[in-house]
Amino acid sequence: MLVSKISKLVLRSLFKKPATLMYPVIPREWQERTRGHIGIVQEDCILCGICSKKCPTNCITVDRNKRKWTIERMQCIQCGCCTDVCPKKCLTMEQAYTTPETFKVIDNFDIPQPAPKDVPVPKAETPVEA
Amino acid sequence: MGKRTIIPFGPQHPVLPEPIHLDLVIEDERVVEAIPSIGFIHRGLEKLVEKKEYTEMVYVIERVCGICSFGHGWGYCASIEGAMDIEVPARAEYLRTIWHELSRIHSHLLWLGLTADGFGFESLFMHCWKVRETILDIFEKTTGGRVIFSVCKVGGVKKDIDKATLREISETVTKIKSEIMELADVFLEDNSVKNRLCGVGYLSKEDAMELCAVGPMARASGVRMDMRIDGVGVYNELGFEPVTTDEGDCYGRVKVRIHEVYQSIDLIKTAIDLIPEGELSVPVSGPVTGEYIARLEQPRGEAFYYAKGNGTKFLERMRVRTPTNMNIPALVKTLQGCDLADVPMLVLTIDPCISCTER
């Protein structure tokens with residue numbers, strides 16, 4: 001058999017545009033639901049620590065005294081467990097993947113003091129917060 | 001009779017990055033006996049049930065395998081749902097079935113590509129994986145992940161697929177069917193491919209049954225065995241009938257997998273037509289007390305899940321038995337008497353997933 005069955009397909013593919021993308025040079029288009037990395041809205045965080053307790057890989061650390069929310073990026077598996085359990089919905093799933101690095105990336109986020117506590121007047125709002 | 005030699009094959013071998021080791025007893029380029037050994041990639045995932053809550057364990061179990069991850073998540077959830085006597089909403093079961101069948105197409109296309117690469121047909125390999133990419137795009141659009149979905153949870157599913165996307169999936173799978181038909185023509189009709197596949201690694205029906213082969217390996221030997229007939233899922237409502245063939249050799253296994261891809265496409269389209277409206281999940285709370293066994297047809301064959309609760313939020317025991325585990329005896333049987341050059345092809349033919357097997 002001189003001509004292989006695949007010849008037609010190969011020739012067609014030869015004159016088509018490449019199926020692959022020159023990835024780092026041409027950025028990817030993310031889907032709406034793409035699980036890229038975890039983001040946090042620092043102002044909304046109440047440092048409850050549920051995310052760190054529920055995380056399957058223990059990549060989140062919550063320090064209430066120092067008011068720090070820490071995530072080890074390389075340990076995170078983007079399962080979305082923390083975003084589901086967060087009571088304030090301040091954790092979000094961002095679309096872009098984190099960039100590859102040669103060291104373990106640890107991101108620290110400072111959680112600001114909640115505004116109502118500084119001012120004594122709106123004390124009535126605190127039970128709603130709790 | 002020539003001199004007998006033992007050739008070690010693996011754990012790093014030319015077939016695929018799965019660490020299986022075989023001691024091949026060779027006599028004049030012919031394999032007399034093969035002694036398999038595994039245990040290079042044990043991760044102890046089952047032990048983690050004692051440390052992770054049963055609801056969070058889904059994310060760990062999904063990572064047992066990178067190809068049939070959704071099936072593992074589903075099997076685990078089905079076993080917990082059985083133990084806790086939870087009725088899963090119909091829409092969730094349909095969505096699970098759709099995702100699982102898409103996973104089957106993706107797994108089989110991956111395997112077909114690897115097989116093509118195994119017998120040295122690079123362009124066929126690339127074309128198979130190009131088609132597979134379309135399925136991965138569907139996964140990313142509907143679940144957010146290309147390989148690991150994280151959509152299955154105890155009591156249902158986390159994400160819905162809207163009508164427009166379902167229609168789009170239906171159109172996409174119809175489109176890729178014609179592309180797969182072209183590739184199937186090469187796999188099943190091309191002489192050079194047939195020379196590498198026909199008559200290689202014959203496994204008779206009796207041997208397949210005796211050695212408890214599962215999945216496409218058994219079905220290619222004419223055994224009508226498929227967990228989709230009586231396992232989890234809504235396959236009964238979709239009019240499912242397993243694909244079998246009597247060839248029993250590598251060609252038969254390729255044929256079964258190609259026809260299963262067609263079948264999955266039809267199942268997805270039927271499921272999309274029949275999918276009911278309704279809830280995605282039921283609320284689950286409280287500890288697991290009972291025990292339950294769930295059986296599920298993974299792309300590679302029957303997988304078995306056992307869960308036992310002890311009245312706390314952690315499980316007492318979790319056991320996953322994967323299809324490759326069951327197919328290794330059949331692999332050893334087919335290796336006896338084959339040519340040394342056919343060994344990689346035969347190792348590939350069971351679609352080995354050693355990472356699954358050792359967990």
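Helices (H or I, at least four residues) and strands (E, at least two) are DSSP runs, numbered from the N terminus.

## Model and conventions

This is a predicted model, in which local features need pLDDT of at least 70 and side-chain atom pairs count only at pLDDT 80 or more, while totals for chains, interfaces and linings use all residues. Residues are numbered from 1 along each chain as its sequence is written, and chains are lettered from A and ligands numbered from 1 in the order in which they are written.

Helix H2 of chain B covers residues 69-84, 16 residues in all. From its first C-alpha to its last, H2(B) reaches 23 Å, close to the 22 Å expected at 1.5 Å a residue; the expected span is 1.5 Å times one less than the number of residues. Just after H2(B), Asp85(B) takes a positive phi of about 60 degrees. Of the 16 residues of H2(B), 15 are buried. A residue is buried if 20 or more other C-beta atoms lie within 10 Å of its own, exposed if 12 or fewer, and partly exposed in between, with C-beta atoms placed from the backbone.

The largest nonpolar core has 123 residues. Such a core is a set of buried Ala, Val, Leu, Ile, Met, Phe, Trp, Tyr and Cys residues joined through C-beta atoms within 7 Å. Ile80(B) and Ala213(B) have the most contacts inside this core, and its largest share, 12 residues, comes from helix H3 (residues 90-118) of chain B. Leaving out residues up to four places away in sequence, Ile80(B) touches Tyr54(B), Val154(B), Val288(B) and Ala307(B). Two residues are in contact if their C-beta atoms, placed from the backbone, lie within 7 Å.

## Ile180 in helix H5

Ile180(B) lies in helix H5 of chain B. Ile180(B) is buried because 23 other C-beta atoms lie within 10 Å. Beyond its neighbours within four places in sequence, Ile180(B) is in contact with Val131(B) and Val261(B). The C-alpha atoms of Ile180(B) and Cys128(B) are 7.8 Å apart, although the two residues are separated by 52 residues along the chain.

## Strand pairing in chain B

An open antiparallel sheet is formed by three strands of chain B in the order E1-E2-E3. Strands pair if DSSP finds at least two bridges between them. E1 (4-9) and E3 (30-37) of chain B stand at the edges with a single partner strand each, so one side of each has no neighbour in the sheet. Six bridges join E1(B) to E2(B), residues 21-27; among the paired residues, Pro8(B) has Asp23(B) as its bridge partner.

Strands E7 (residues 301-309) and E8 (residues 315-321) of chain B run antiparallel and are also joined by six bridges. Phe304(B) has Arg321(B) in E8(B) as its bridge partner. Five residues lie between the strands of this hairpin, where Gly311(B) takes a positive phi near 85 degrees.

Chain A has five helices and five strands, in the sequence pattern α-β-α-β-β-α-β-β-α-α. Buried residues make up 15% of its 130 residues. Of the contacts in chain A between residues at least 6 apart in sequence, 70% join residues at least 24 apart.

The contact between the chains takes 17 residues from chain A and 21 residues from chain B. On the chain B side, helices H1 (57-61), H4 (122-143), H5 (163-189) and H6 (191-197) each supply at least two residues, and H4(B) gives the largest share, seven residues.
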